[in-house]
Amino acid sequence: MAIAKAERLMNLALCLLGTRRPLSKRELRESIEAYLEAGTDDSFNRMFERDKDDLRELGLVIETVEGLDGEIGYLARRDSNRLPPITLDAEEAAALGLAAKVWQQARLAGAASGALQKLRAAGLPEDVDPYEAHGALEPRIPVHEAAFEPLMLACRDRRPVVFDYRKANAAQPGTRHVEPWALECWRGHWYLAGFDRDRGAERVFRLSRITGRVRSRGTGFTAPVPDVVTVRETVASWAGESADRSALIRLRAGAGYPLRARATAVRELGDGWDELEIPYGHGLDAWLVEFGPDVVVLEPAELRADVVDRLRAVAKG
């Protein structure tokens, strides 16, 4: 089935690229054997529309032209589907190779490899190996969350989504209707920024807290997409990164290394505990809850109360 579809798409692309005038659906059906074998006009129309959308998804520019008699025709002009000459120096090729090696997820790794092969055919310098190691450290961006791929595609296609999301202080996940804008990795975690339709405002969601399947819902966004989506800045603010206050906590020895990395002061208490002073801002309580019994909040009192409330909510669930 996959081979038959690929052959059908190739034949349709060749017809559209090889014609000097727009071809109608009728003419295309008579020219491609797979379309002739379609049982009914409805079957052909559905097959043709899917194939046309697939070719456009692959990058083919297909024009729709209305003739003098009102009949709709299709063609793909060669000048609209021809890449300009591509020249890359050694530094640019190395940067592309490094970007291709960053991804560990299979789907993105395949896309990156295919893109580099196309660049090689289009003029990538033959004496440059884009996969050659350029340093002792080799970057990787791990993607373990099942929600990453559907959200990545939804961001690309500007398609609203629905998913179940578990907040740190909630016993059960709640449903979110989101217009996704961008995905970004920060401190080893993936986050989605978008417009939360239920709350009517911008929100950032941590992918590891998305439960179940990400579902598409309708088409079109209801809110404008900002020119710059500040995912890291928003998460950092919620985590207290931009705070001008401090919190005092007790941390079990050998635990909570992310907290130790942010601490402005550390003092050994003995008996397996340390005392840390860390920046305090919005969302710090949710982060501290993730460390469970390894963290005890000493001050301020409102932070301690918030952490206790969150722990109680989790215990009830």
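**Exercise 1.** State what share of the contacts in the protein with a separation of 6 or more comes from residues 24 or more positions apart.

Solution. A contact means heavy atoms within 4.5 Å. Among contacts with a separation of 6 or more, residues 24 or more positions apart account for 55%. The model is predicted: local features need pLDDT of at least 70, side-chain atom pairs count only at pLDDT 80 or more, and totals for chains, interfaces and linings use all residues. Residues are numbered from 1 along each chain as its sequence is written, and side-chain values use heavy atoms, leaving out hydrogens and water.

**Exercise 2.** Find how much of the protein is buried.

Solution. Buried means under 20% relative accessible area, with a 1.4 Å probe and protein chains only. Of the 317 residues, 37% count as buried.

**Exercise 3.** Describe the open sheet that contains β9.

Solution. Begin with the elements: helices (H or I, at least four residues) and strands (E, at least two) are DSSP runs, numbered from the N terminus. The protein has eleven helices and twelve strands. Two strands pair if DSSP finds at least two bridges between them. Four strands make up this sheet, in the order β10-β11-β9-β12, and their pairing is antiparallel. At the edges lie β10 (265–270) and β12 (295–299), each pairing on one side only.

Next, take one pair. Strands β9 (residues 245–252) and β11 (residues 273–280) run antiparallel and are joined by eight bridges. R252 has W273 of β11 as its bridge partner.

Notes:
Buried < 20%, exposed > 50% of the residue type's maximum accessible area, 1.4 Å probe, protein only.
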